[in-house]
Amino acid sequence: MTLANYINDLLYRYDCVIVPNFGGFVTNKIGATVNTTTHTFYPPKKQLTFNAYLQHNDGLLANYIASSKNISFEEAITFINEEVAQWNEKLATTTITVDSVGSLSLNEAKQVVFEPNPSSNFLTESFGLAEVSTPSVERVKKVIVKSPPTFTEESNKTIPLYLKRAAAAAVFVGIVYVGWNGVQNEQQVLANQEDAVEKKIQSATFVIDKPLPTINLNVSKEARNFHIIAGAFKEVHNAENKLEELEEKGHEASIVGKNRLGLTQVAFASYATKDEARKALEIIKETVSEDAWLLAK
């Protein structure tokens, strides 16, 4: 397997994979989206970016390679350095493809530009979900307008005068009758509404002889699943020493268990939401340690 294959595997499990002396691939979960122009629906995914400033070796990639190839940690570091040297050599003249992760190239300022692979989705919860496109639907409403009957001047002359006067009187009586009935109906509706409201008030007025017992709710503490990692240690006592060191400096440090490689991880602090953790991570990287990284469990 190449270095790109190992990076591809780790991106399904972690939010950040750092390639020592090269840069880090960082993921951020986004929800389902829709393109109203192309009528295409996209499932939730991990949005992938590249940060050239994340170059310090956090041990994640090297330990994974050492475990997969059954070699020592030092041999894994040598393997990574050789692959990175080849990448830098190729980048000087062409674009390189990192497995299904994406492609890397240099711009005019000799900075690494990353283009993620749009067909890759490293979010395991969306496994098997693909983008769906649907044709637009056009709705046409047909309206039929009937023209009123027309009367010519000749036909109007043939109608007797007494019929015209009778028709006008009937229209006037009808308008008066409808208006009076409308007033009466409105008054009746208001009266019915008042009776209904009064009945509801009477039925709702009562005394509770035996009130319900008080319910005590035990609210559990909000889970903190986002940890800012300070280091991972093979020996447990080294992790405990790191924990004691961080606590003395005022950090809400904790040991967050072992990773898949059996290393004991120590966190500066843990948070309930990713946004809180990311803000705290920026502060810690600027003021305490540039090697800190975010772990979601």
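Two strands are taken to pair if DSSP finds at least two bridges between them, where strands (E, at least two residues) and helices (H or I, at least four residues) are DSSP runs numbered from the N terminus. The model is predicted, so that local features need pLDDT of at least 70 and side-chain atom pairs count only at pLDDT 80 or more, while totals for chains, interfaces and linings use all residues. Residues are numbered from 1 along each chain as its sequence is written, and side-chain values use heavy atoms, with hydrogens and water left out.

Strand 11 (residues 254–258) and strand 12 (residues 264–271) run antiparallel and are joined by three bridges; S254 has A267 of strand 12 as its bridge partner. Five residues lie between the strands of this hairpin, in which G262 takes a positive phi near 85°.

An open sheet of three strands, paired antiparallel, has the order 6-7-8, and its edge strands, each pairing on one side only, are strand 6 (96–98) and strand 8 (112–116). Strand 6 pairs with strand 7 (residues 102–106) over three bridges in the antiparallel sense, and V98 has G102 of strand 7 as its bridge partner. Helix 3 (residues 73–91) lies across strand 6, strand 7 and strand 8, contact meaning heavy atoms within 4.5 Å. The helix runs at about 140° to strand 6, with axes fitted to C-alpha atoms (for helices over the stretch in contact) and angles taken from 0 to 180 degrees between N-to-C directions.
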